[in-house]
Amino acid sequence: MSGYDRAITIFSPDGRLFQVEYALEAVRKGTTGVGVCGKDVAVLAVERKATPKLQQTRTIRKIMNVDNKIAVAFAGLNADARVLVNRTRVECQSFRLNVEDDPTVDYVARYIAQVQQKYTHRGGARPFGISTLLVGYDQQDKAALYQTDPTGTYFAWKAASIGRNAKTVQDFLEKNFKEELDEAGSVELAIRALLEVVDAGAKNIEVVVMTRDGPKTLSEEEVEPIVKLVDEEAQKKRQKKEEEGT
């Protein structure tokens, strides 16, 4: 690399910014996050890591609200996410004060991507080591899902995943996603996709549903039936394979 990875503002001879690539690697090592956009709702589901026995679990959040009807999930460095979310909340309040209307999810996604992009060409600072999934409602008042990454790009998705084993989860979503999913179908697809790479158990999953009335966090009691259903289906498949093998 001959020192090209030491400064964020220097391209390598083959046109790469190594510090940005290292930031993307930090994202790939983060906890898994899934977003699914349904007909009238959007769902975020994230992997919940095991916490020390004496730690307050309420202080650990991988899904946060940035406005009344916009929520964000992230994969990567927690501290970077906290700073970026706080800046986004201020921007949302500023937008409301100036425009006298709620910010749309596409506006917020564009703002986050703009901030992330600034830190890919500014000396003396490193890129944000996070990717985000944002859910909310767009200018047509339709449920929408956006993804941003450390390079400063953002895209709208019908279903997307970030973090550890994101490709495995994305392959599952591509095979199983259906248009016009209702709330129950969107929640089930998000949880099923996450269980492809996460240990079974409602305590390992955090789910937020964005509705027109605002975000709704599902309790473990609401997530558990879907987890049990997926687990039972997996057991039946294993039994069937064993019977066919004999």
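View 1. Arg212 is partly exposed, with a relative accessible area of 34%, where buried means under 20%, exposed over 50% and partly exposed in between, for a 1.4 Å probe and protein chains only. Asp40 also counts as partly exposed, at 38% relative accessibility. The two side chains meet in a salt bridge, 3.6 Å from N to O, a term for a side-chain nitrogen of Lys or Arg within 4 Å of a carboxyl oxygen of Asp or Glu. The pair links distant parts of the chain, 172 residues apart, with Arg212 in the loop between β9 (205–211) and β10 (214–217) and Asp40 in the loop between β1 (33–37) and β2 (42–47). Helices (H or I, at least four residues) and strands (E, at least two) are DSSP runs, numbered from the N terminus. This is a predicted model, in which local features need pLDDT of at least 70 and side-chain atom pairs count only at pLDDT 80 or more, while totals for chains, interfaces and linings use all residues. Residues are numbered from 1 along each chain as its sequence is written, and side-chain values use heavy atoms, with hydrogens and water left out.

**View 2. The pair Arg164 and Glu47.** A salt bridge joins the side chains of Arg164 and Glu47, at 2.7 Å from N to O. Arg164 lies in the loop between β8 (159–162) and α4 (166–176) and Glu47 in strand β2, so the pair ties together parts that are 117 residues apart in sequence. Arg164 is partly exposed, at 25% relative accessible area, whereas Glu47 is buried, at 8%.

**View 3. The pair Lys216 and Glu183.** In the salt bridge between Lys216 and Glu183, the closest N and O atoms are 2.7 Å apart. Lys216 belongs to strand β10 and Glu183 to helix α5 (residues 183–194), and these distant parts of the chain are 33 residues apart.

View 4. A search of the whole structure finds 1 cavity of 30 Å³ or more, a cavity being a set of points on a 1 Å grid over the protein atoms alone where a 1.4 Å probe fits but cannot get out, with lining residues having an atom within 4 Å of a point. The volume of the largest cavity is about 40 Å³, counted as the space filled by probe spheres set on the points, which are joined across faces, edges and corners. Among the residues that line this cavity are Val72, Phe74, Leu84 and Ile130, and α2 supplies the largest share, 4 residues.

Key. 1 Å grid on protein atoms, 1.4 Å probe; cavity = no way out; pocket = protein on both sides within 12 Å on 5 of 7 lines; lining within 4 Å.
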